[in-house]
Amino acid sequence: MVKQERWAKALKFMKSFFQLIARHRVLASTLFLAIFPFIMPYEALAINILIFGLFAMGFNLLFGYMGLLSFGHAAFLGIGSYLTGIGIVHYGMPWGYAILVGVIGAAIGGLIMGYLAIRTRGIYFSMVTLALGQIVYYIFYKAESLTGGENGLRGVRVDEFNVLGMPVDFLNPLVKYYVILFFVVIAIWLISRILSSPLGAVMEAIRENEKRAAACGFDVARTKLLVFVLSAAICGLAGSLRALHLSIVPIDSLHYLQSGQAVMMSILGGMGTFFGPFIGAAVMLYLEDVVTTFTKHWMAVVGLVFMFFVLFFPKGIWGTILSKLQINQDSK
Amino acid sequence: MNSATTTPILEARHVSKSFGKFKALQDVSTSFMPGTLTAIIGPNGAGKSTFFNVLSGAFPPSSGQILFNGKDITGMQQHEFARIGISKSFQITNVFKQLSVHENVRVAAQMETARYNFLRNAQSYPKPIEVADELLHRVNLEHLRNKKTADLAHGQQRALEIAMALACNPALLLLDEPTAGMSPEETLVMMELIRTLASERTVILVEHKMKLIMGLCKRIIVLHHGEFLAEGTPEEIQNNAEVRRVYLGQG
């Protein structure tokens with residue numbers, strides 16, 4: 001009896017705790033990410049999770065919240081990376097501008113790809129985005145003089161810069177983490193704004209029932225295109241930050257495996273939830289890091305974990321927590 | 001009478017619709033006056049649903065014209081129909097199942113105020129919230145406000161869809177078999193709702209159950225094999241020999 005009461009009390013506490021997190025999602029993610037590098041084995045992994053978490057969140061905007069499964073989002077990660085890299089390497093741009101160029105370039109790429117793809121539905125949409133993603137891959141692969149082709153683009157160097165007169169050492173991994181976190185937090189704030197905006201509601205309406213959304217007076221095609229562009233821009237930012245982090249843009253940034261990773265991360269963490277994709281990215285990359293220390297077949301292990309979740313917890317890690325504690329996602 | 005009341009709110013001129021070789025609708029012409037409640041009936045396969053879909057903008061006719069307040073709107077897209085004031089509910093319930101009941105109507109009501117804004121908080125627009133509260137009260141769903149729509153009973157979901165259709169305050173409301181799948185009690189409530197709706201705007205409904213509409217509307221249009229068969233008051237239709245033959249099976 002006493003045990004039961006204690007359990008109920010704990011559950012109630014958990015519920016209010018998670019509700020608090022869900023209500024102040026930007027603040028909660030900022031606080032968590034601020035201490036994140038100290039619970040990770042090393043900073044580079046934390047940075048990688050930060051970048052791919054953002055990539056998966058941008059992807060989830062389209063996939064989880066509007067129900068469009070794109071298999072071409074590697075294109076935006078890659079475009080962001082390459083344009084930022086090219087800006088720095090070939091044009092000597094300040095890195096801030098180079099990030100801007102990467103984001104805008106990815107948004108334009110999203111506009112073109114979205115325009116061509118949103119006419120199709122379901123599996124055809126996925127296939128068209130996959131094909132267009134591959135086209136982007138080959139364009140960058142062939143433009144060797146600009147992109148370095150197979151070898152990737154080398155020499156994306158950012159060493160030291162000044163912020164308000166204070167020198168910032170970008171080569172210090174912890175400092176680099178916080179610089180990148182600054183941009184990630186802005187993007188997380190933007191995603192949170194989008195989700196609680198009128199457009200956010202229309203996105204979910206379209207995911208739930210396109211016919212009804214159109215009958216309510218919403219231009220489904222235009223809304224899809226707008227969200228596609230927003231999603232591409234956020235994934236482009238993730239790409240830009242990755243170029244700064246790695247100091248090189250590998251050609252695999254554009255590989256369709258990256259698109260697949262975004263899908264897996266979203267599903268593992270919980271598609272259509274705010275934190276889900278980030279959690280999915282963290283679990284996958286952490287597992288990869290741990291498993292590679294004793295076998296190179298880390299993909300098999302990650303694959304098994306993924307299958308376990310898809311079979312037994314189809315709502316993903318965060319999605320399962322929310323539904324078990326009966327927390328309504330709508331509580332804004 | 002002034003001209004405003006003599007122009008039909010909706011008019012179909014020689015409307016035909018084919019699906020491949022199948023002619024679902026052939027040369028149907030009719031018009032609907034503002035403020036009236038009209039039912040479209042016909043046996044299975046009569047082309048009622050096709051006609052409904054053409055009138056409500058789900059797809060354009062293969063030939064012929066649709067006029068709204070005298071203006072040609074043939075070929076307009078579904079969302080444009082909603083924006084000029086033609087709203088509808090579907091035969092098979094179409095609602096946003098994973099959203100809350102209130103959210104369903106609020107999104108629908110947001111069409112006029114904000115469609116693409118992605119930086120402002122949706123809760124900062126008072127109008128759609130008020131409209132949603134009011135409409136939920138009207139269709140007796142306010143006590144289920146924060147429930148997930150998927151958890152509602154069938155009849156409640158249908159009532160919710162009517163509230164959503166009303167959210168853009170349409171001049172013309174089209175309802176496709178609004179009582180389909182409802183219990184007798186739910187049907188009575190729905191009929192009463194339609195009666196009050198018809199007192200404030202033009203309503204066109206497609207109905208299968210002849211008995212229901214006899215006491216409800218003043219004008220009935222009968223389709224048969226995709227063609228216009230007859231129109232008139234419920235009494236006229238009941239006494240029309242042709243209609244009795246094809247529809248009531250009492251020839």
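Me: What stands opposite Leu10(B) in S4(B)?
Reply: That's Phe68(B). Keep in mind that this is a predicted model.

Me: Okay, and how many bridges join S1 to S4 in chain B?
Reply: Five, with S1 covering residues 10–19 and S4 covering residues 63–68. The two strands run antiparallel.

Me: Which way does S4(B) pair with S5(B), parallel or antiparallel?
Reply: Antiparallel, over two bridges. S5(B) spans residues 71–72, and Asp72(B) in that strand stands opposite Leu67(B).

Me: How many residues sit between the strands in that hairpin of S4(B) and S5(B)?
Reply: Two. Asn69(B) in this hairpin takes a positive phi near 50 degrees.

Me: Switching to chain A: at what angle do H2(A) and H8(A) pack?
Reply: About 165 degrees, and their axes are 10 Å apart. H2(A) is residues 25–39 and H8(A) is residues 173–195.

Me: So what does that angle make them, roughly parallel or roughly antiparallel?
Reply: Roughly antiparallel, because angles over 145 degrees count that way.

Me: And is the crossing of H2(A) and H8(A) left-handed or right-handed?
Reply: Right-handed.

Me: Which residues make the contact?
Reply: From H2(A) you have Arg25(A), Val26(A), Ser29(A), Thr30(A), Leu33(A) and Pro37(A). H8(A) brings Leu174(A), Tyr177(A), Leu181(A), Val185(A), Ile188(A), Trp189(A) and Ser192(A).

Me: How many of the residues in the contact of H2(A) with H8(A) are nonpolar, polar and charged?
Reply: By class, nine are nonpolar, three polar and one charged.

Definitions and conventions
Residues numbered from 1 in each chain as written. Chains lettered and ligands numbered in written order. Predicted model: local features only at pLDDT ≥ 70, side-chain atom pairs only at ≥ 80, totals over all residues. Pairing = 2+ DSSP bridges. Helix = DSSP H or I, 4+ residues; strand = E, 2+ residues; numbered from the N terminus. Axes fitted to C-alpha atoms, helices over the stretch in contact; angles between N-to-C directions. Parallel < 35°, antiparallel > 145°, perpendicular 65-115°, else oblique. Left-handed = near helix turned anticlockwise from the far one by under 90°. Contact = placed C-beta atoms within 7 Å. Nonpolar A, V, L, I, M, F, W, Y, C, P; charged D, E, K, R; others polar.
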